Amino acid sequence: MLKKVSENRVFSGQHLQYEHSSKTVNCNMRFAIFLPDNASDDNPVPALYWLSGLTCTDENFMQKAGALKKAAELGIAIIAPDTSPRGSSVADNDSYDLGQGAGFYLNATQAPWAEHYKMFDYINEELPSLIEQHFPVSSKRAISGHSMGGHGALVIGLSNPDRYRSISAFSPICHPSICPWGEKAFSHYLGTDKQLWQQYDATELLRKHKSELSILIDQGDKDSFLAEQLYPEHLTAAAKSNDSPLTLRMQKGYDHSYYFIASFIDEHLDFHAQHLLN
């Protein structure tokens, strides 16, 4: 059952927020959706699924990225889910990079996280099914995200090339198995067997299998997390090893913020439109 939280007219379309009870993560979840005016039952539009980063909710991208005008012009829906399960019964941690707000878009296997933290399946299966059932949105999907969400977009897209047309990311965590954010999250959510981590590591996935999807990544060279957490050079090396279609653009002077995302989001939407609208 969908419950509308808010509705706003914006750039020849509607921005809407909904809550629903999720069977996958066993709690109430919230998502935002932008529907351009050309969307109708007779004309379902393709969709970009946007995954946000640590500490974020469905609101960060919709309010800060400046993506909705371009999406309206292209006739593309945008769906922005929350970054984790939430609620008083959902396991949490005082750290910003573990627990609520830090779901890492995986299916947790360890207690106490496994009961709710099934974000991989929620994003990949339950949410698109819900969207396509209740809104004039087609099954033509692309996926993108920022930081932890960039990691999620890469892993979900690479693992499910039949469900998505293209992948992009801003400042993604490219090799989480060897960075502090990823090591902390994976050890708690998945346990200590690092072989099990590789299914949620974009660099390891790309090393093993050539990508069937085009990938665009933007990374700021003034990003304070670049050297310790992100490792885009590892991902590009993996792509080169099997000629996967990946473009990494190092953007001079840009940091990790939404100012960076807002500067290049139109180009990402144009990139996805080439695959969604053809």
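Author: With contacts. Contact means heavy atoms within 4.5 Å. The model shown here is predicted.

Reader: With which residues is Q251 in contact, leaving aside its neighbours within four places in sequence?

Author: Q251 is in contact with D218, Q219, G220, D221, F260 and F264. Q251 itself is found in strand β9, residues 246-251.

Reader: Which side chain makes a polar contact with the side chain of Q251?

Author: That of D218, at 2.9 Å.

Reader: Is Q251 buried or exposed?

Author: Buried means under 20% relative accessible area. Q251 has 14% relative accessibility, so it counts as buried.

Reader: How should I read a nonpolar core?

Author: In soluble globular proteins, nonpolar side chains tend to be buried together. In this model the largest nonpolar core has 69 residues, and F31, I33, F104 and Y189 have the most contacts inside it. Helix α3, residues 119-134, gives the largest share of this core, with seven residues. A second, separate core has 24 residues, including A67, A72, I78 and I265.

Reader: Which residues does F104 touch, not counting those up to four places away in sequence?

Author: F104 touches L54, T83, D97, M148, H151, I173, W181, G182, A185, F186 and Y189. Y189, like F104, is among the residues with the most contacts inside the largest core.

Reader: Now the strands. How do I read a pair of them?

Author: Start from the side chains: in a regular strand they alternate between the two faces of the sheet. Then look at the bridges. Here six bridges join strand β1, residues 3-9, to strand β2, residues 13-22, and the two run antiparallel.

Reader: How many residues lie between β1 and β2 in the hairpin?

Author: Three, and F11 in the turn has a positive phi of about 40°.

Reader: Last, the cysteines. How many disulfides does the structure hold?

Author: A disulfide is a covalent bond between the sulfur atoms of two cysteines. This structure holds zero disulfides. For C56, the nearest cysteine sulfur is that of C179, 17 Å away. For C179, the nearest cysteine sulfur is that of C174, at 9.5 Å. The cut-off for a disulfide is a pair of sulfur atoms within 2.5 Å.

Reader: Are C56 and C179 buried or exposed?

Author: C56 is buried, with a relative accessible area of 8%. C179 has 0% relative accessibility and therefore also counts as buried.

Terms used:
Residues numbered from 1 in each chain as written. Predicted model: local features only at pLDDT ≥ 70, side-chain atom pairs only at ≥ 80, totals over all residues. Heavy atoms only, no water. Pairing = 2+ DSSP bridges. Helix = DSSP H or I, 4+ residues; strand = E, 2+ residues; numbered from the N terminus. Core = buried A, V, L, I, M, F, W, Y, C linked by side-chain atoms within 4.5 Å. Buried < 20%, exposed > 50% of the residue type's maximum accessible area, 1.4 Å probe, protein only. Polar contact = N/O pair within 3.5 Å; in protein donor to acceptor, adjacent residues only side chain to side chain.
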